[in-house]
Amino acid sequence: KPLHRIAVIAGDGIGQEVMPEGIRVMEAAASKFDIGLQFDRFDFASCAYYEQHGKMLPDDWKSRIGSHDAIYFGAVGWPEKVPDHISLWGSLLLFRREFDQYVNVRPAKLMPGVTAPVVRRDGSPRQPGEIDMVIVRENTEGEYSSIGGRMFPGTEREIVVQETVMSRIGVDRVLRYAFEVARSRPKKHLTSATKSNGIAITMPYWDERVAEMAKSYPDVTVDKFHIDILTAHFVQRPDFFDVVVGSNLFGDILSDLGPACTGTIGIAPSANLNPDRSHPSLFEPVHGSAPDIAGKGIANPIGQIWCGAMMLDHLGYREAHDAVMLAIEAVLRSGSAEVRTPDLGGKGTTREVGLAICQALQR
Ligand code: NAI
Ligand code: MG
């Protein structure tokens with residue numbers, strides 16, 4: 001059987017606490033489905049490493065993790081010690097760019113045993129599975145460009161410009177990925193986020209490329225909404241959506257809003273993908289290092305475990321992915337306070353939840 005080498009970077013704060021549970025479940029899945037996984041742990045991309053070395057990464061970081069099959073990432077950031085723009089831009093954001101992880105994927109699914117903060121029109125609660133969408137964000141260009149600058153700084157003539165960049169290659173490759181995901185799902189429904197009424201050059205271009213790509217996917221239902229009303233629809237009728245694709249900025253906003261509509265940030269997963277597989281893809285929970293609860297052993301490990309399931313899927317093990325998801329759902333459904341962390345109203349620890357998911361997986 002092939003051996004997949006995974007670069008493990010736990011990072012800071014609760015990253016150090018949820019990662020062992022993620023690995024515990026990955027190892028259980030590997031033994032159940034006879035998958036060859038090798039975990040190589042790295043201490044860089046953390047503020048502790050920064051304090052010791054004066055930088056977030058060693059100079060040869062690219063060769064040390066660049067040939068791995070995937071990067072399993074915890075969280076980075078400890079604002080008391082290192083400013084966030086240094087810790088994030090010096091690590092995670094470099095990985096995304098240098099490894100050309102041009103798609104960011106975030107599933108937003110209402111899980112059993114979790115109360116959604118958004119309710120139905122009649123005020124009744126949303127049921128598990130009723131919200132089940134995947135947000136696909138362009139991750140390398142768009143509004144987040146470094147083209148621009150400041151002129152006459154500090155004077156009354158001060159001018160600041162930052163240009164949006166959309167390339168045909170960049171737009172088409174993320175759209176193709178989103179259409180493929182839509183095609184693979186039962187609803188086969190793709191929604192595009194736009195703002196062609198206000199951003200009158202790049203957004204009509206985005207819309208044009210969506211229409212062009214749609215021709216190759218006649219089996220996928222396509223619609224589009226302006227980003228402003230789209231955010232309202234996410235809250236008022238999240239059940240309508242299946243796959244939602246957006247530019248870097250719109251995708252960023254939607255990929256926080258979607259998971260927020262389905263409950264706690266502690267369970268939300270994220271993947272930064274290089275679908276070409278010329279570089280490793282990176283799998284991480286949506287949450288950060290949570291300094292406010294770090295060291296207490298009560299962080300919810302489900303976000304870390306869920307993104308691990310996405311990693312298994314990416315490596316070609318769909319069955320193992322589905323099994324891990326069923327195990328997560330079984331533990332959440334049980335409703336027992338011992339196997340829920342405090343963010344879900346329970347009194348369980350990070351480790352107890354990890355162990356419970358392993359047991360459910362082995363059953
Ligand atoms: P955060 O996600 O770390 O925490 C926000 C709130 O959610 C906190 O109250 C925290 O206790 C809670 N929370 C987060 N994850 C949880 C979990 N697994 N279980 C239970 N509760 C959880 O965001 P915050 O506080 O804005 O950022 C803290 C640090 O993390 C900063 O340095 C920030 O830059 C960094 N960060 C890193 C990210 C990454 O590595 N991808 C993403 C977001 C923030
Ligand atoms: Mg964001």
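1. Let me begin with the shell around ligand 1, which by class comprises 13 nonpolar, eight polar and four charged residues. In total, 25 residues surround ligand 1. The closest of these are Gly77, Gly266, His287, Gly288 and Asn300. Please keep in mind throughout that this is a predicted model.

2. On the domains: the chain splits into domain 1, made of 1-114 + 263-363, and domain 2, made of 120-131 + 141-247 + 256-262. A distance of 25 Å separates the C-alpha centres of domain 1 and domain 2. To their contact, domain 1 contributes 13 residues and domain 2 contributes 13 residues. On the side of domain 1 that touches domain 2, you will find 10 nonpolar residues, one polar and two charged.

3. How do the axes of helix α10 (residues 302-314) and helix α11 (residues 318-334) cross? They come within 7 Å of each other, at an angle of roughly 160 degrees. An angle over 145 degrees counts as roughly antiparallel, and α10 is therefore roughly antiparallel to α11. The crossing of these two helices, α10 and α11, is left-handed.

4. For the residues behind that pairing, look at Ile302, Ile305, Trp306, Gly308, Ala309, Met310, Leu312 and Asp313 on the α10 side. They meet Arg318, Ala320, His321, Val324, Met325 and Ile328 of α11. Sorted by class, the contact of α10 with α11 has 10 nonpolar, two polar and two charged residues.

5. Helix α1 (residues 15-33) also packs on α11: their axes come within 10 Å and cross at roughly 130 degrees. That angle makes α1 oblique to α11. Is the crossing of α1 and α11 left-handed or right-handed? The crossing of α1 and α11 is right-handed. Here Val25, Ala29, Lys32 and Phe33 of α1 meet Glu319, Ala320, Ala323 and Val324 of α11. By class, this contact of α1 with α11 holds six nonpolar residues, no polar ones and two charged ones.

6. The last pairing I would like to point out is α11 with helix α12 (residues 350-362), whose axes come within 8 Å and cross at roughly 120 degrees. The two helices, α11 and α12, are therefore oblique to each other. In passing α12, α11 makes a right-handed crossing. From α11 the contact takes Ala323, Val324, Ala327, Ile328, Ala330 and Val331, and from α12 it takes Val353, Ala356, Ile357, Ala360 and Leu361. Which classes make up this contact of α11 with α12? By class it has 11 nonpolar residues, with no polar and no charged ones.

7. Val324 takes part in the contact with α10, in the contact with α1 and in the contact with α12.

Terms used:
Residues numbered from 1 in each chain as written. Chains lettered and ligands numbered in written order. Predicted model: local features only at pLDDT ≥ 70, side-chain atom pairs only at ≥ 80, totals over all residues. Near = placed C-beta within 6 Å. Nonpolar A, V, L, I, M, F, W, Y, C, P; charged D, E, K, R; others polar. Axes fitted to C-alpha atoms, helices over the stretch in contact; angles between N-to-C directions. Helix = DSSP H or I, 4+ residues; strand = E, 2+ residues; numbered from the N terminus. Parallel < 35°, antiparallel > 145°, perpendicular 65-115°, else oblique. Left-handed = near helix turned anticlockwise from the far one by under 90°. Contact = placed C-beta atoms within 7 Å. Domains from an automatic or database assignment.
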